[in-house]
Amino acid sequence: MHRQLAAAVTAALLAAAPAGAQRVLTIGAQTPPSALDPHYHNTQNNNQIARMVFEPLFDLDTKARFQPRLARSMRPLDDLTWEVKLNTEARFHDGTPFEAEDVAFTFARVPTVPNSPALFTSAVRSIAAVEVVDRETILLRTREPNPMMRFDMSSPVILSRKVHGPSPQTADFNSGKLMIGTGPYRHVDYRHSERLELARNMDWYGPVEPWDRVVYRYIPQAGSRTAALLAGEVDLIDYVPVQDVPRLQQDARFAVFQIDSITFVYLAPDAMRESSPFVVDKQGKPLPANPLADRRVREALSLSIPRQQIADRLYSGLASPADQFAAPGAEHRLEGIGPLPFDPARGRALLAEAGYGQGFRMTLHGPNGFFPSDDNLLQAIAQGFSRIGVEAQVQTLPPASLFTKATNRDFSMFMTYYSSYSSIIPLRNVVMTRNAELGHGAFNRQRYSNPAVDGPLSEALTTMDEERRRDLTQAAMRALLEDKGLIPVINLKNAWAGRRDRVVYDPSPPNMTEPRLARPPG
């Protein structure tokens, strides 16, 4: 009952306060969360909402610096033990204290959320035990050395064993019943795929947030988001349409906030099955074997993609050609390898060498409304495929539907993106052979498996020596590039636009659209 009372008091205060006394930020956002359960789906648009209401132990700021949240500090005592000092000031929104036991409760739940398209298991995979030393100290005992522990502890947000236990259900988060965290904002209301309202947590231990109320309006159509900004219906929009950036920059009423991102777009081919659901010959008949299982075919498809033209013409400089499965500037990425080649003639020769000189047909799947011009990018890739004799039909889906189907292995090839400040984390999550117990391959939806990738990665994930870990990570990256297990396409640049009289935004490399990064002008 006390939870319902707290929510009612918050709503009453919002309703009673004079309009002029409140600072309200209205955001026109492209992609709604697939669920409000903070552990259901590890994706950027879900995480940006979860971190307003809930908190991880640590966070990364826009300069990739670790910032304390529910933990004040963390240090290794030996290769298998980490000491974490907790923030004892934190309280959940209903007044329940944050306690050391909540960390163990949360980490136990993370791998068990049913029907998840992508769990956070990899973040807690190495933890064998959480030992409570005292009210403000826990020890994390690991099964093996984990050099990525600081990154891992900035991933899942913390629940309360008293508020959310013993078995929290995703539906109860979606309804708002369990949207009770320790974060700077309280949940007020959510209308699925339409609108989310948050109110400032007056009792938060951190710096005072500048916004009394935050409203997310979900506007998947790019033109409609810009129109809402121009009409004054929203204060800030994310994923600014490429074609609208110049005119917004030239209009004194608006400001465009841009930054090089840590986001790269890639294609995931179905390379591991003997037959694939959306690949047929030119007459529409099943092929005797899955052509995508042949490395030469995957390389041919990569050679057909005009990455530089796409970056220049389709994105007008808001993208760059991807050269590997890591963002520019990511820790331990390969350096000096040069751009991935565009060579349709070589692609046609490789297809013929693989026995597909007449080409074949396939369907290329991807999102619509997940990142700027994603549907147009898919069409540009399909046109590239056609240059080498592969007739590609394009089918776009809403992001939530796309990832559900991709997880079920419903596609022959699909397009998505990944954001990370490191190289090893996307390799661990997307291309390592799936292992539910260790959390490897949590996003490996096509079940790719390559010993030349797994071997060095497995060692890198347990190597505390940074130089050795870099060498091993790069060896895995080279093996992936050589095998074309995934096909990198472009790196994205992030852009937001806002009303100059209403908001200044600190642009986020992982493309987070959060009120914490926004402030009133002046």
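**View 1. Helix 9 passes helix 11 in a left-handed crossing.** Handedness here has a simple rule: a crossing is left-handed if the near helix is turned anticlockwise from the far one by less than a right angle, and right-handed if clockwise. This is a predicted model, in which local features need pLDDT of at least 70 and side-chain atom pairs count only at pLDDT 80 or more, while totals for chains, interfaces and linings use all residues. Residues are numbered from 1 along each chain as its sequence is written, and side-chain values use heavy atoms, with hydrogens and water left out. Helices (H or I, at least four residues) and strands (E, at least two) are DSSP runs, numbered from the N terminus. The axes of helix 9 (residues 295-303) and helix 11 (residues 344-353) come within 8 Å and cross at roughly 160°. Axes are lines fitted to C-alpha atoms, for helices over the stretch in contact, and angles run from 0 to 180 degrees between N-to-C directions. Helix 9 and helix 11 are therefore roughly antiparallel to each other (under 35 degrees counts as roughly parallel, over 145 as roughly antiparallel, 65 to 115 as roughly perpendicular and the rest as oblique). On the helix 9 side, look for Arg-296, Val-297, Glu-299, Ala-300 and Leu-303, which meet Pro-344, Arg-346, Gly-347, Leu-350, Leu-351 and Glu-353 in helix 11. Contact means heavy atoms within 4.5 Å. The residues of this contact divide into six nonpolar, one polar and four charged. Ala, Val, Leu, Ile, Met, Phe, Trp, Tyr, Cys and Pro count as nonpolar, Asp, Glu, Lys and Arg as charged, and the others, Gly among them, as polar.

**View 2. Strand 10 (residues 213-218) pairs with strand 1 (residues 24-29) in the parallel sense.** Six bridges link strand 1 and strand 10, and Val-24 stands opposite Arg-213. Two strands pair if DSSP finds at least two bridges between them. Strand 9 (residues 195-200) pairs with strand 10 in the antiparallel sense, over five bridges. Here Ala-199 stands opposite Arg-213. Ala-199 is also the bridge partner of Arg-186, in the antiparallel pairing of strand 8 (residues 185-191) with strand 9. Strand 8 and strand 9 form a hairpin with three residues between them, and Ser-193 in the turn has a positive phi of about 65°.

**View 3. Four strands form an open antiparallel sheet in the order 4-5-7-6.** Strand 4 (71-78) and strand 6 (127-134) are the edge strands, each pairing on one side only. From one strand to the next, the twist averages 20°. Six bridges join strand 6 to strand 7 (residues 137-142), with Ile-127 and Thr-142 as bridge partners. Helix 3 (residues 100-109) lies across strand 5 (81-86), strand 6 and strand 7, and runs at about 170° to strand 6.

**View 4. Helix 2 (residues 44-53) is mostly covered.** Ten of its ten residues are buried, where buried means under 20% relative accessible area, exposed over 50%, and partly exposed in between (1.4 Å probe, protein chains only). Among the buried residues are Asn-45, Ile-49, Arg-51 and Met-52. The buried residues of helix 2 pack against strand 2 (58-60), strand 8, strand 9, strand 10 and strand 17 (413-419).
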